[in-house]
Amino acid sequence: KNGPQNFITHEAAKKLPAMALQSADGTQAKLAAYAGEWLVVNFWATWCAPCRKEMPQLDALAKRYQGRGVRVIALSVDRGGAEKPEKFLNELGVAHLTRLYDPSYKAARDARLIGLPTTLLVSPDGMEVGRLAGEADWDSADVHQLLDGYLGQN
């Protein structure tokens, strides 16, 4: 599969750890709630400049694939919880991203993140098929080609 530069496709899909996440209102959330969809899970924080830069591109990607079996999740690891990232995303006019929160950074550690941003591609059965550590243009032809390739398999 092609894809954005630095995207690593795993030889064998990896089981993701069960991540205890939160929604904006502080209620518990799980990635498993989105089983049956391809997930583009972007770990980010408001203090991370490249992360902030990616948000409009990720939002455009989410809009492009809306209703097509791909969900783009902005998973903030800001320590204070949802307040600051919610304010940032709202000011940016982000409308299509699914917003989740990991204020403890435990999910990020469990997923063996090295740094931010890191984006995981998760199959409809909850397996990590690949990841990209670092920034990318998430609304680019390379990304569309990658996702369309996986969607074509279903």
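Biologist: What makes R112 count as exposed?

Modeller: R112 has a relative accessibility of 69%. Exposed means over 50% relative accessible area, buried under 20%, and partly exposed in between, with a 1.4 Å probe and protein chains only. So R112 goes down as exposed. One caution: this is a predicted model, where local features need pLDDT of at least 70 and side-chain atom pairs count only at pLDDT 80 or more, while totals for chains, interfaces and linings use all residues. Residues are numbered from 1 along each chain as its sequence is written, and side-chain values use heavy atoms, with hydrogens and water left out.

Biologist: Where is R112 found?

Modeller: In the loop between helix 3 and strand 7. Helices here are DSSP runs of H or I with at least four residues, strands are runs of E with at least two, and both are numbered from the N terminus. The phi of R112 is near 60°, a positive value in a residue other than glycine. Y105 also has a positive phi, near 70°, and sits in the loop between strand 6 (98-101) and helix 3.

Biologist: Why pick those out?

Modeller: Because most residues other than glycine have a negative phi, and most peptide bonds are trans. On the peptide side, L116 and P117 are joined by a cis bond, with omega about -10°. P117 belongs to the loop between helix 3 (106-110) and strand 7 (118-122).

Biologist: How do you know that C48 and C51 form a disulfide?

Modeller: Their sulfur atoms are 2.2 Å apart, and a disulfide is a pair of cysteine sulfur atoms within 2.5 Å. By that rule the count comes to one disulfide. Both C48 and C51 are buried, too.

Biologist: And what makes the disulfide of C48 and C51 right-handed?

Modeller: The torsion about its S-S bond is about 80°, so the disulfide of C48 and C51 is called right-handed.

Biologist: Why are helix 1 and helix 2 called oblique to each other?

Modeller: Two packed helices are described by the angle between their axes and the distance between the axes. The axes of helix 1 (residues 49-65) and helix 2 (residues 83-92) cross at roughly 50° and come within 11 Å. Axes are lines fitted to C-alpha atoms, for helices over the stretch in contact, with angles from 0 to 180 degrees between N-to-C directions. Under 35 degrees is roughly parallel, over 145 roughly antiparallel, 65 to 115 roughly perpendicular, and the rest is oblique. Helix 1 and helix 2 are therefore oblique.

Biologist: Which residues of helix 1 and helix 2 meet?

Modeller: R52, M55 and P56 in helix 1 meet F88, L89 and L92 in helix 2. The residues of this contact divide into five nonpolar, no polar and one charged. The nonpolar class is Ala, Val, Leu, Ile, Met, Phe, Trp, Tyr, Cys and Pro, the charged class is Asp, Glu, Lys and Arg, and the others, Gly among them, are polar.

Biologist: What makes F88 count as buried?

Modeller: Its relative accessibility is 11%, so F88 counts as buried. Leaving aside neighbours within four places in sequence, F88 is in contact (heavy atoms within 4.5 Å) with W44, T46, R52 and M55.

Biologist: Is L21 buried or exposed?

Modeller: L21, found in strand 2 (residues 21-22), counts as buried at 2% relative accessibility. The C-alpha atoms of L21 and Y101 are separated by 5.7 Å, although the two residues are 80 apart along the chain. Y101 is one of the contacts of L21, which also include L75 and A107.

Biologist: Why is P124 called partly exposed?

Modeller: Its relative accessibility is 22%, so P124 counts as partly exposed. P124 sits in the loop between strand 7 and strand 8 (127-133).
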